[in-house]
Amino acid sequence: TVRGFAQTGAAAVSIEDQAFPKRCTFAAGTGVRVVERDAAVARVRAALRARDEARDAGNDVLVIARTDCRAALGLEEAIARCTAFDALGADIVYAENLQSKDEYAKLRDKITSAHLMLAQLQHDAMLSLDEVASLGFDLSLVGVTALQAYIATLQTTATSLVATGTAKDLAPFGEVKRVVGFDKLLAFEDKYNCC
């Protein structure tokens with residue numbers, strides 16, 4: 001899988017320690033299920049060997065070694081797993097669902113080689129990029145932020161429609177057509193004289 005992603009030009013592959021089926025750690029909390037540390041390390045070791053084989057073949061890819069064990073097994077286990085991933089040579093490590101700046105600092109102090117990624121969910125106090133950098137982290141993963149913005153916009157628009165009968169601050173229809181690719185579709189239809 002790692003070699004395949006590298007061949008297609010993917011920048012990175014994330015290797016996690018959750019047991020199947022995977023769950024969002026913020027949603028699952030202490031109920032998240034992870035494999036034993038030895039199994040997690042074995043997964044990362046195999047991915048790193050495949051990364052090196054891909055690089056030998058001229059296809060670069062980064063390996064992100066991630067642990068989701070914080071909520072279920074505690075901070076010390078999360079740090080131990082990240083330290084092990086770092087020692088193996090992972091390009092990027094991160095522990096999901098850390099609970100405070102103090103926990104981020106404890107993880108940062110144990111990582112010697114890999115880049116650090118901080119994953120955060122939009123709560124009351126989402127860290128700015130400057131704050132993430134000041135904590136010594138290289139990357140900030142905000143994977144749910146766009147979905148949260150989309151849901152908030154839908155809710156605001158629906159509330160406005162029900163309350164006032166109209167909606168404000170909508171994108172012009174021309175912009176909607178551009179974003180969803182109407183022009184490309186029309187050009188395709190014209191080119192191939194179809195539809």
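**An exposed loop residue, then the rest**

Author: Let's begin with aspartate 169, which counts as exposed at 81% relative accessibility. Exposed means over 50% relative accessible area, buried under 20%, and partly exposed in between, with a 1.4 Å probe and protein chains only.

Reader: Where is aspartate 169 found?
Author: Aspartate 169 is in the loop between helix H8 (145–164) and H9. Its phi is positive, about 60°, although it is not a glycine. In general, most residues other than glycine have a negative phi, and most peptide bonds are trans.

Reader: Before going on, what am I looking at, and how are things numbered?
Author: This is a predicted model, where local features need pLDDT of at least 70 and side-chain atom pairs count only at pLDDT 80 or more, while totals for chains, interfaces and linings use all residues. Residues are numbered from 1 along each chain as its sequence is written, and side-chain values use heavy atoms, with hydrogens and water left out.

Reader: How many helices and strands does the protein have?
Author: There are 10 helices and 5 strands. Both are DSSP runs numbered from the N terminus: helices are H or I with at least four residues, strands are E with at least two.

Reader: And the overall dimensions?
Author: The C-alpha atoms fill a box of roughly 55 × 45 × 35 Å along the principal axes. The radius of gyration is 21 Å, whereas a compact globule of 195 residues would have one near 16 Å. That radius is taken over C-alpha atoms, and the globule rule is 2.2 Å times the number of residues to the power 0.38.

Reader: How much of the protein counts as buried?
Author: Of the 195 residues, 34% count as buried.

Reader: Which residues have the most contacts inside the largest nonpolar core?
Author: That core has 37 residues, and those with the most contacts inside it are Phe85, Val93, Tyr104, Leu107, Ile111, Leu118 and Phe137. A nonpolar core is a set of buried Ala, Val, Leu, Ile, Met, Phe, Trp, Tyr and Cys residues joined through side-chain atoms within 4.5 Å.

Reader: Which element gives the most to this core?
Author: H3 does, with 7 residues. There is also a second, separate core of 5 residues, which includes Ile64, Tyr94, Met117 and Ala119.

Reader: Tell me about H3, then.
Author: H3 has 20 residues and spans 29 Å from its first C-alpha to its last, close to the 28 Å expected at 1.5 Å a residue. The expected span is 1.5 Å times one less than the number of residues. The buried residues of H3 are Ala40, Val41, Val44, Ala47, Leu48, Ala50, Arg51 and Ala54, and they pack against H1, E1, E2 and H5. After H3 comes glycine 58, with a positive phi near 90°.

Reader: What about H5?
Author: H5 has 14 residues and reaches 20 Å, close to the 20 Å expected. Its buried residues include Glu77, Arg81 and Asp86. The buried residues of H5 pack against helix H3 (37–56), strand E2 (62–67), helix H4 (70–73), E3 and H6. Glycine 89 follows H5 and has a positive phi near 110°.

Reader: Switching to aspartate 91: buried or exposed?
Author: Aspartate 91 is buried, with a relative accessible area of 15%. It lies in the loop between helix H5 (75–88) and strand E3 (92–95).

Reader: Which side chain does aspartate 91 join in a polar contact?
Author: The side chain of arginine 55, at 3.4 Å. A polar contact is a pair of N or O atoms within 3.5 Å; within protein, one must be able to donate a hydrogen and the other to accept it, and residues adjacent in sequence count only if both atoms are side-chain atoms. Leaving aside neighbours within four places in sequence, aspartate 91 is in contact with Arg51, Arg55, Val61, Leu62, Val63, Ala114 and His115. Contact means heavy atoms within 4.5 Å.

Reader: And asparagine 97?
Author: Asparagine 97 lies in the loop between E3 and helix H6 (101–110) and counts as buried at 9% relative accessibility. Its side chain reaches the backbone oxygen of threonine 25 at 3.3 Å. Asparagine 97 also has a positive phi, near 70°.

Reader: Last one: which peptide bond is cis?
Author: The bond from phenylalanine 20 to proline 21 is cis, with omega near 0°. Proline 21 is in the loop between E1 and helix H2 (25–28).
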